[in-house]
Amino acid sequence: MPGEAILTAAPAALWREIGRWSMTLKIGSLMLLVIVLAGIFAPVVAPYDPYFQDYDKLLLPPSASHLFGTDQLGRDLFSRVIYGIRIDMTVGFIITFVPMIYGVAIGALAGYYGGVLDGVLMRLLDTAIAFPFLVLIIVVIAILGPGVQSIYIAVFLVAWTMYARLARAEMLVERSKDYMLAAETLGYPASRIIFRHALPNIIGSSVVFSMADFVLNILLLSGLSFLGLGIQPPEPEWGSMVAEGRDFIFDNWWICTLPGLAIVIAGTALSLIGDGLARRLGQSHQAIL
Amino acid sequence: MQFLAYILSRLVQMAPVLFLVVLIAFLAMELVPGDPIMLMLGGRANETMLQALHEEFGLDRPAVTRFFSFIANALQGDLGTSIIQRQPVSLIVGERVDKTLFVIVYGAVLAVLVALPLAIAAVMRHNRPTDHVIRLGGMIGLSMPPFWLALLLIMLFGLGLGWFPIGGYGEGFLGHLWHLFLPGLTIALFLSPILVQSLRAAMLDVMGEDYIEVARSKGLSPRRIIFKHVLRNALIPAITVLSVNIGWLLSGAVIIEYVFSIPGMGSLLVRAVGSRDLPVIQGLTVVFALFVMLVNLLADLSYMLVDRRVLRK
């Protein structure tokens with residue numbers, strides 16, 4: 001039975017693969033899995049409605065019934081942090097991996113074909129490096145108003161350049177290797193050579209970089225929201241929760257510290273995975289930034 | 001001579017980037033949906049006032065004409081007039097430049113003071129517990145949002161222990177150092193993970209070179225090898241990382257100025273976006289971009305001080 005064989009072989013292969021992982025990759029993946037599951041099953045995990053304001057329970061310190069305490073409107077902070085996973089991790093994922101897809105594709109094409117396309121791309125990349133990213137985002141926000149769509153537009157305009165740079169550099173190395181020449185000799189179409197043969201070999205550095213990029217993107221989103229330029233209250237976004245707690249740092253430490261801790265934990269999970277992937281893909285002790 | 005030619009070619013390379021920056025800044029005013037004056041005044045304007053402001057900001061002329069006069073004015077240091085504060089943008093920005101520079105340089109110096117010993121320790125104890133702890137600390141440090149770090153430092157050193165002021169700019173050089181210690185430390189803490197990581201990686205790469213093997217076989221002490229041979233050659237990648245991340249450092253500075261209420265360009269930017277004061281945003285865009293380009297230029301020039309071979313490439 002082939003179907004049965006696949007069902008039994010797949011977990012076995014998965015376990016073999018996990019066996020090769022470093023400690024950092026294992027711990028990071030486990031942390032990320034827990035975070036993602038908590039986000040997906042937020043209605044089950046969170047004990048309260050994240051928007052429900054209980055005016056009998058304002059500014060309660062952390063306790064057994066309210067793990068992270070309550071805020072100035074009597075909302076349960078732990079529930080809001082759990083629901084925050086849905087916002088921060090989703091937006092962070094989108095603004096990391098959407099630009100990665102076309103960035104790698106553009107870099108691979110430029111590296112493979114060279115010529116005018118490559119020249120234009122290199123000029124673009126130099127410009128993007130010299131341009132202060134945050135200022136561009138703020139200009140876009142000034143034009144379109146605060147909100148997540150401004151962040152999407154600004155990030156999609158700029159963030160692909162780093163991936164294009166990495167993929168192009170790797171493609172230049174890969175292009176002259178024997179297996180590429182063999183594929184060309186066999187008369188395969190360029191699209192097949194680039195995306196089926198070269199891609200798996202040039203994507204390593206982009207994958208490693210994407211993890212650090214994911215961390216920085218979560219910091220970007222929460223930072224903009226902290227400034228009031230990103231996700232707006234009452235949405236349970238981690239950065240805007242910290243901003244709300246800022247007025248209460250004298251007496252109610254938990255409101256601004258605990259949501260920030262969620263960012264640190266999520267970021268650490270992704271950094272651990274990035275470190276582990278670098279080792280697994282044979283790129284250890286290379287700087288990822 | 002070679003040196004001058006190099007600087008000149010770098011300046012020529014900067015021109016198209018600067019043009020693009022000015023274009024983007026200009027487009028901010030053009031692309032705002034609706035009437036920018038109306039938007040900024042928030043519906044508080046009557047017909048005659050609108051007319052007068054349109055003429056004052058030249059919005060009655062075609063876009064291309066305005067773009068070239070925008071460039072011409074910017075070249076003469078005139079960045080327009082703030083709609084909210086009714087003062088020249090160059091004046092408002094000008095009196096804040098030094099504050100932002102002070103915070104950034106202070107933070108960068110503190111970051112190097114934190115990062116350099118850690119990177120050296122990690123390399124000298126490569127793949128041993130010290131190295132692992134520093135690497136793990138770097139991963140956690142990289143994940144800490146600067147605004148959160150700033151609030152933690154305020155709670156701990158400002159409110160809890162009362163060692164440092166939690167806002168303002170202070171009087172005199174020592175006063176600045178004293179008032180800006182917590183902001184500087186925040187920048188240092190969020191910049192140093194990147195710095196440690198890149199310095200460590202660069203030094204480990206250098207450690208694999210033949211001449212280090214030679215130095216080792218001559219019987220030089222590990223300390224001497226690290227300080228005399230490795231560190232110097234690892235500086236270039238480290239400077240690159242620092243200059244590439246200057247945009248990141250600047251965005252951190254914007255948030256930190258806002259949290260510590262330092263009267264710099266960053267807090268001005270946040271306020272200007274809040275009140276949609278477009279001329280101020282345009283001016284700050286140009287100034288920030290110029291700053292990033294200058295830092296990148298300085299980084300390129302400093303390579304030559306570290307390694308003369310760069311010139312020959």
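Which helices of chain A each supply at least two residues of the nonpolar patch? In this predicted model, they are α2 (23-40) and α3 (42-45).

## Nonpolar surface patch

The patch covers about 840 Å² and is nonpolar. Its members are A:L30, A:L33, A:V34, A:V36, A:L37, A:I40, A:F41, A:V44 and A:V45. Helix α2(A) gives the largest share, six residues.

A:V45 sits in helix α3 of chain A. With a relative accessible area of 37%, A:V45 is partly exposed. Patch residues need over 30% relative accessible area, so A:V45, at 37%, passes that cut-off.

## Second largest pocket

The second largest pocket holds about 540 Å³ of space. It is lined by 22 residues, and those closest to its centre are B:A108, B:V112, B:I239, B:L242 and B:S243.

Five helices of chain B each supply at least two residues of this lining: α5 (89-124), α9 (181-207), α11 (222-244), α12 (246-259) and α14 (278-306). The largest share, eight residues, belongs to α5(B). By class, the lining of the second largest pocket is made up of 20 nonpolar and two polar residues, with no charged residues.

## Largest cavity

The model has three cavities of 30 Å³ or more. The volume of the largest cavity is about 90 Å³.

Residues of chains A and B line the largest cavity. From chain A come A:L134, A:L219, A:L220, A:G223 and A:L224; from chain B come B:P146, B:W248, B:S251, B:G252 and B:I255. Helix α11 (204-226) of chain A and helix α12 of chain B each supply at least two residues of this lining. Sorted by class, the lining of the largest cavity has seven nonpolar residues, three polar residues and no charged ones.

Along the chain, B:G252 and B:H229 are 23 residues apart, and their C-alpha atoms are separated by 33 Å.

Definitions and conventions
Residues are numbered from 1 along each chain as its sequence is written. Chains are lettered from A and ligands numbered from 1 in the order in which they are written. This is a predicted model: local features need pLDDT of at least 70, side-chain atom pairs count only at pLDDT 80 or more; totals for chains, interfaces and linings use all residues. Side-chain values use heavy atoms; hydrogens and water are left out. Patches are made of residues with over 30% relative accessible area and no salt bridge: like charges are joined within 9 Å, nonpolar side chains (Val, Leu, Ile, Met, Phe, Trp, Tyr) within 5 Å. Accessible areas come from the Shrake-Rupley method with a 1.4 Å probe; for residues, only the protein chains shown count as cover. A salt bridge is a side-chain nitrogen of Lys or Arg within 4 Å of a carboxyl oxygen of Asp or Glu. Helices (H or I, at least four residues) and strands (E, at least two) are DSSP runs, numbered from the N terminus. Buried means under 20% relative accessible area, exposed over 50%, partly exposed in between (1.4 Å probe, protein chains only). On a 1 Å grid over the protein atoms alone, a cavity is a set of points where a 1.4 Å probe fits but cannot get out, and a pocket is an open set with protein on both sides within 12 Å along at least five of seven lines; lining residues have an atom within 4 Å of a point. Grid points are joined across faces, edges and corners, and a volume is the space filled by probe spheres set on the points. Ala, Val, Leu, Ile, Met, Phe, Trp, Tyr, Cys and Pro count as nonpolar, Asp, Glu, Lys and Arg as charged, and the others, Gly among them, as polar.
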